[in-house]
Amino acid sequence: MPKVWAAVLLVVSLLPQPAWAITLEQVPNPRRQYGGWVSDTANILSSSTENELNRLITQLEQRTSAEMAVVTVPNTQGYATPKDFTTQLFNYWGIGKAGQNNGVLFLISVGDRRVEIETGRGLVAILPDSRVQQIIDQQILPKFRDGDFDGGTLAGVRQLTSVLQGQPVANVPAAARAVAQGIDSSLVEGILLLLGIIILGLGWQRSRMPVSLRAERGGRQVLSLTRRDPRTGAVLSSVQSDPIRLFLYSGSLCLGVFLGLSSGNWLGFALPVVAAMATDGTLSRKRGIPFQPVVCQACGRTMRLIQPQLLDKYLPQEHRLARSRGRARYYGWFCPTCQGIAVVVREGTLSRHLYCPRCQALTLDLTTQVLREATYSSSGLKLEILSCPICGYRSEREVVIPELSDTDTDSDFGGDSGGDSDFGGGSSGGGGAGGSW
C-alpha cells in the first residue's frame, strides 16, 4: 500500500500546476512601498527601466498633477478578465487626484500575455480610448512580441506622458502599417462589404412582403404586437417588423465598419448608421408598424395609415388612457373599400406588466407603501397596490425589502474602497484600451 500512495503522489507532482494567482491586496502599492510609481510583481523590468519610469512619471505628476502607475503581475486568475482586474486595482488604489480623476494604470499580465491601460474619467478629452489603443498597437505590442518588456514599457510610458503634457503621439509610418496589415486588412474589408450588401438585400426583400390585417367597422379590437390576447388567443407577431430592423441596422453596421477601415476615417462609420436611422424613421411614419405594406384580409386592398392625431377617436377609453400616459404606441390603418379599421399596439418594455386583467389595456397604476424599513440587520416590508382607474380593479401584495449592505452607500467606482490611499483618490469608469502579444 505505501508503494501505491507513493506512485499516486509522484503522478500528481508531475501534473501541470496552476499558475500563482495574485489578488488586489497582494500587489505592492509603490506609493506606500517606496514613494515611486512602479510595482514589478512579475519581475520582468530591469532596475534601470524602473528608475527611468519613476523619473518620467514623477515629472508628469509635477507638471500636470496626473498620476500613473506601472504594474506587472504573473496573471489575473480569479478575475473575469485582465481588464476587470485592472479596473478594480485602479479604483482600489485610487489612482489620480480626487475630483480630477486624472490617473492612468499601465498593467502587464505576463501569464495572460495582455497589456491593459486604464484611464480616469478626467482624461477622456486629452487621452481618448482610440489614442490609448494607438499607443498600445504601435509602441508597446511590437516590442513585447520580441520579448523586449523594458523597451515596450518605456516606449508606452513615454508616449502616454507626452500626450498628457500636450505633446503629439509618434505615429508609425503609413507604409509600414500597410505592410504589417497586408492581405488580412483587405480580406476583412471585403468580407464586411459583401456581408453588408447581402444583409441589406435580405432586409429589402423582406420589407416588400405585405402583411394582412382584418379591418373591422369601428376598429374597437386592438391587437398587440407582442402580447397574446387572453380572450381570443390572437397575436400579431412582431416577427413581421423586428427582423427587418435587424437586417437594416446590422447591414448598415457592416458597411460602416467597412468604410471606417478602408478610408481610415471613422466618420465614415457613422454615415450608414445615420442613413439606417433615417430610413427607419421615414418608413415608420409612412407605414407605421410593421414595416411592410398593410393589406386588408377581406378585399386584399392596401390600407392607409391613420395619422396619430386622428387615431384617438377610434380607440376605446382604456387605450386612450394608456396612450396619453406614454405606455404604448398605437397604429391604425383604414381600408377604403371595406370602410374598416385595424388597430395594433406596441407596448413599452417597462410598462408591459401594467396590463389590467379586466380592461386588457395598460391602465394599471402602481403605488407603494413602506410598511417596515430595511436595516443592516433585518429586512423590510412594502405593500404594492395595483389599481385601474377605468374599471376599478384593485390588487395588493406584500414585498420583502432586502437588508441593507455596505455596498448600498458606495458611490460609483469609489477612489478608495478600503485599500491603500497613497495615491490621490481618483477613480475610473472603465476607460482605456488593451491588447495581446
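**Overall picture**

The protein has 437 residues, of which 41% count as buried, and its secondary structure comes to 11 helices and 14 strands. Among the contacts with a separation of 6 or more, 65% are between residues 24 or more positions apart. The accessible surface comes to about 23,200 Å², with 56% of that area belonging to carbon and sulfur atoms. The mean pLDDT is 78, and 80% of the residues reach 70 or more. Over residues 1-19, however, the pLDDT is below 50, and this stretch has 3 contacts beyond near neighbours in sequence; residues 169-183 also have a pLDDT below 50, with 13 such contacts in the model. Where pLDDT is low, the predicted coordinates should not be read in detail.

**Helix α4**

Helix α4 runs over residues 82-93, and its 12 residues should span 16 Å at 1.5 Å a residue, which agrees with the 17 Å between its end C-alpha atoms. The helix is mostly covered, since 9 of its 12 residues are buried, including Phe 85, Leu 89, Phe 90 and Trp 93. The cover over these buried residues includes α2, β1, β2, β3 and β4. Just after the helix, Gly 94 takes a positive phi of about 75°.

**Salt bridges**

Side chains of opposite charge can pair when their charged atoms come close. The structure holds 12 salt bridges, and three of them are listed here.

| Salt bridge | Closest N and O atoms |
|---|---|
| Glu 61 with Lys 97 | 3.0 Å |
| Arg 114 with Glu 116 | 2.8 Å |
| Arg 327 with Asp 365 | 3.1 Å |

Glu 61 forms its salt bridge with Lys 97; because Glu 61 lies in helix α3 and Lys 97 in the loop between α4 and β3, the pair ties together parts that are 36 residues apart in sequence. Glu 61 is partly exposed, at a relative accessible area of 23%. In the second pair, Arg 114 is partly exposed at 24%, whereas Glu 116 is buried, with a relative accessible area of 4%. Arg 327 lies in the loop between α11 and β9 and Asp 365 in strand β11, so this pair ties together parts that are 38 residues apart in sequence; Arg 327 counts as buried at 12% relative accessibility.

**A nonpolar surface patch**

Leu 194, Ile 198 and Leu 202 form a nonpolar patch on the surface, with about 270 Å² of accessible area together. Leu 194 has its place in helix α7 and counts as exposed, because its relative accessibility is 52% and the cut-off is over 50%.

Definitions and conventions
Residues are numbered from 1 along each chain as its sequence is written. Side-chain values use heavy atoms; hydrogens and water are left out. Helices (H or I, at least four residues) and strands (E, at least two) are DSSP runs, numbered from the N terminus. The expected span of a helix is 1.5 Å times one less than its number of residues. Buried means under 20% relative accessible area, exposed over 50%, partly exposed in between (1.4 Å probe, protein chains only). Contact means heavy atoms within 4.5 Å. Accessible areas come from the Shrake-Rupley method with a 1.4 Å probe; for residues, only the protein chains shown count as cover. Patches are made of residues with over 30% relative accessible area and no salt bridge: like charges are joined within 9 Å, nonpolar side chains (Val, Leu, Ile, Met, Phe, Trp, Tyr) within 5 Å. A salt bridge is a side-chain nitrogen of Lys or Arg within 4 Å of a carboxyl oxygen of Asp or Glu. pLDDT is the predictor's confidence in each residue, from 0 to 100.
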